[in-house]
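Please look over the sequence and the three-dimensional structure below before reading on.

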Amino acid sequence: MGRGRVQLKRIENKVSRQVTFSKRRSGLLKKAHEISVLCDADVALIVFSTNGKLFEYSTDSRLVLHC
């Protein structure tokens, strides 16, 4: 039996919000890698934290913008 649906709303606790961001970011990067391998697709993913920190993933170095 799986978990119930999570109600999507802003997490008010700053520490909990950061932990959730970190876990979900790593999961998103993993999924981007999986889809690129399984489907032989070119994938580019850009994520900015609330502090403006950049996290990027690309299957091809030409796909990611260099700021």
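The points that follow are grouped by topic, from the overall layout to single residues.

This is a predicted model, and the mean pLDDT of its protein chain is 88, with 88% of the residues reaching 70 or more. The chain contains one helix and two strands, which run in the order α-β-β when followed from the N terminus. Where pLDDT is low, predicted coordinates should not be read in detail.

**Layout and confidence**

- Helix H1 covers residues 14–39 and has the highest mean pLDDT among the elements, at 95, while strand S2, covering residues 54–58, has the lowest, at 92.
- Strand S1 takes in residues 44–48, and Ile 46 is placed within this strand.
- When contacts between residues at least 6 apart in sequence are considered, 18% of them join residues that are at least 24 apart.

**The nonpolar core**

- The largest nonpolar core is made of six residues, namely Ala 32, Val 43, Leu 45, Val 47, Phe 55 and Tyr 57, and the elements that give two or more residues to this core are S1 and S2.
- As background to such a grouping, nonpolar side chains in soluble globular proteins tend to be buried together.
- Ala 32, one of the core residues, touches Val 43, Leu 45 and Tyr 57 once residues up to four places away in sequence are set aside.

- Ile 46, Phe 48 and Leu 54 together make a nonpolar surface patch of about 280 Å².
- Ile 46 has a relative accessible area of 42% and is therefore partly exposed, and because patches are made of residues with over 30% relative accessible area, this value is in keeping with a place in the patch.

**Salt bridges**

- The structure holds two salt bridges, and in one of them the side chains of Glu 12 and Arg 10 meet with an N to O distance of 3.4 Å.
- Glu 34 forms a salt bridge with Lys 31, in which the closest N and O atoms are 3.7 Å apart.
- Glu 34 and Lys 31 are three residues apart in helix H1, so about one helical turn separates them.
- In this second pair, Glu 34 counts as partly exposed at 27% relative accessibility, whereas Lys 31 is exposed, with a relative accessible area of 55%.

**The loops between elements**

- Asp 40 lies in the loop between H1 and S1, and although this residue is not a glycine, it has a positive phi of about 50°.
- With a relative accessible area of 72%, Asp 40 is exposed.
- Ser 49 is found in the loop between S1 and S2, and at 14% relative accessibility this serine counts as buried.
- Leaving aside neighbours within four places in sequence, Ser 49 is in contact with Phe 21 and Phe 55.
- Although Ser 49 and Phe 21 are 28 residues apart in sequence, their C-alpha atoms are 8.0 Å apart in space.

- Ser 58 lies in strand S2, and with a relative accessible area of 22% it is partly exposed.
- The C-alpha atoms of Ser 58 and Val 43 are separated by 5.6 Å, while the two residues are 15 apart along the chain; Val 43 is also one of the residues of the nonpolar core.
- Glu 56 lies in strand S2 as well, and this residue counts as partly exposed at 37% relative accessibility.
- Glu 56 and Leu 29 are 27 residues apart along the chain, with 8.4 Å between their C-alpha atoms.

Conventions. Residues are numbered from 1 along each chain as its sequence is written. This is a predicted model: local features need pLDDT of at least 70, side-chain atom pairs count only at pLDDT 80 or more; totals for chains, interfaces and linings use all residues. Side-chain values use heavy atoms; hydrogens and water are left out. pLDDT is the predictor's confidence in each residue, from 0 to 100. Helices (H or I, at least four residues) and strands (E, at least two) are DSSP runs, numbered from the N terminus. Patches are made of residues with over 30% relative accessible area and no salt bridge: like charges are joined within 9 Å, nonpolar side chains (Val, Leu, Ile, Met, Phe, Trp, Tyr) within 5 Å. Accessible areas come from the Shrake-Rupley method with a 1.4 Å probe; for residues, only the protein chains shown count as cover. A salt bridge is a side-chain nitrogen of Lys or Arg within 4 Å of a carboxyl oxygen of Asp or Glu. Buried means under 20% relative accessible area, exposed over 50%, partly exposed in between (1.4 Å probe, protein chains only). A nonpolar core is a set of buried Ala, Val, Leu, Ile, Met, Phe, Trp, Tyr and Cys residues joined through side-chain atoms within 4.5 Å. Contact means heavy atoms within 4.5 Å.
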